[in-house]
Amino acid sequence: MAFWNRRKSLESVSARQSHSALRPTLGWLHLMSLGIGGIVGTGIYTLIGVGAGLAGPAVILSFVVAGLVCACAALAYTEMSTMMPMAGSAYTYSYVALGELPAWFVGWTLILEYTVVCSVVAVGWSGYAAGMIHALGIPFPDALLAGPAAGGVINLPAIVISLAVAGLLALGSRESVTVNLILVVVKLIALATFVLLAIPAFNAGNFEPFAPHGFGATEIEGAKYGMMGAAAVIFFAFYGFDAVSTAAEEAKNPGRDLKIGIIGSMVACTIIYMVVAAAAIGGSPTDALAASGEPLAMVLRNLNHPGAAKFIGMAAIVALPTVIMAFMYGQSRIFFVMARDGLLPQRLSVVSESSGTPALMTMITGVIVAVIAGFLPLQRIAEVANAGTLVAFIAVAVCMLVLRNNAPNAPRPFRTPAATLIAWAAILGCAYLFVSLPGVTKLTFVIWNVIGIIVYFLYARYQSVLARA
């Protein structure tokens, strides 16, 4: 077959490959905590303020819109992951349903998404770590606490946390996800504390005017304002559940565990976000939330709860590594499967006999993330992660529709209800959010994928396992 219609068979991605199969060690609780760990992080601690500045109190509806779009995508992911319980997520589904070239496009997009998210969160964690170093009076050179773009030489804390997470992941999936579960519990306790302390001071007057910038997306000085404009940014706070689908090959009971992991984490996080957003706006005007880099801690300080505010800040330090862990886990698995398929050098798809994980690929991923976080400016390119995720979600919904038509009788442990309606809701919702992104974000996304197409035609097109077969 020519490269434009080369496809992997459904049977080939459902059969475990003895020479490079990942070890099934994860249960539904591990998968659900992986999803919550990826979702509840930077978004809940900082994007509430950003969203409030863009949409006003209507940011609560922005969470609803972003959550609904992600819920539709999550249902499609659940059907696809239980139908093809192999690593690779949207890349693998696209290889079966759409062909090699679209799969490369999706995989290349996911590489950017996961790498950028890990690097950005590592830099964010470094900021909290630097604050703690200064507060404790530890003599540490400022030049080693920030990269060149921020006036330093190297961001050493960002490099350390990136390599530490990669090392933990290389030790074993079950061990790393168990640590993640413990840290997720700490995060949820902190958010529950915030809500319990903020609700008694709830002021309904903070919700007026409800939508000062309207319900659409209006671009003003490079930023999209309005409810939908905020939804396109807040969308960053929801994805993370897709990392669960990359763990399909390591699930002990994929038909059951993936359903609970993906849908459960999405439902839980949507409820958490809406409750926390309502409590934050009720406790502080939206302009004050938008002006703060740590809006939840700011609300508690203003309500005379300084001790709880410090606890929220400490919880943020705990929260961010779990986000790095979830996305680095997904990134290493995407790299691993593309290498196993020959689209990247196949020697990178080696599985460690002791840990049952792609240890080499995981450490390479950690080094890449560490280099980016330690040296490169990320402010502009970070936004492109949203664009990449939206495209991946669209691809998964399209794959579900294609396979419903091409393989109607294939076993489906989970069948998305009203599949056509759900798929089109995900496709159109993600497309609208993509259009609502700033122009520079879309341009960066296009440039990255032009580079990807060049790499495909110069290397991957000839080296893929299907091409050589």
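Visitor: Where do I start with the overall fold: how many helices and strands does the chain have?

Guide: Begin with the secondary structure. In this predicted model, the chain has 19 helices and two strands.

Visitor: What share of the residues counts as buried?

Guide: Burial is read from relative accessible area, with under 20% as the cut-off. Here 58% of the 469 residues count as buried. As for the surface, the chain exposes about 17300 Å², and carbon and sulfur atoms supply 70% of that area.

Visitor: And contacts along the sequence: what percentage join residues at least 24 apart?

Guide: Take the contacts between residues at least 6 apart in sequence; 83% of them join residues at least 24 apart.

Visitor: Could we look at one residue? Where is Glu 79 placed, and is Glu 79 buried or exposed?

Guide: Glu 79 sits in helix H4, which spans residues 59–83. Its relative accessibility is 0%, so Glu 79 counts as buried.

Visitor: How many disulfides does the structure hold?

Guide: Look for cysteine sulfur pairs within 2.5 Å. The structure holds zero disulfides. For Cys 72, the nearest cysteine sulfur belongs to Cys 430, 8.6 Å away.

Visitor: Are Cys 72 and Cys 399 buried or exposed?

Guide: Cys 72 is buried, with a relative accessible area of 13%. Cys 399 also counts as buried, at 0% relative accessibility.

Conventions: Residues are numbered from 1 along each chain as its sequence is written. This is a predicted model: local features need pLDDT of at least 70, side-chain atom pairs count only at pLDDT 80 or more; totals for chains, interfaces and linings use all residues. Side-chain values use heavy atoms; hydrogens and water are left out. Buried means under 20% relative accessible area, exposed over 50%, partly exposed in between (1.4 Å probe, protein chains only). Helices (H or I, at least four residues) and strands (E, at least two) are DSSP runs, numbered from the N terminus. Contact means heavy atoms within 4.5 Å. Accessible areas come from the Shrake-Rupley method with a 1.4 Å probe; for residues, only the protein chains shown count as cover.
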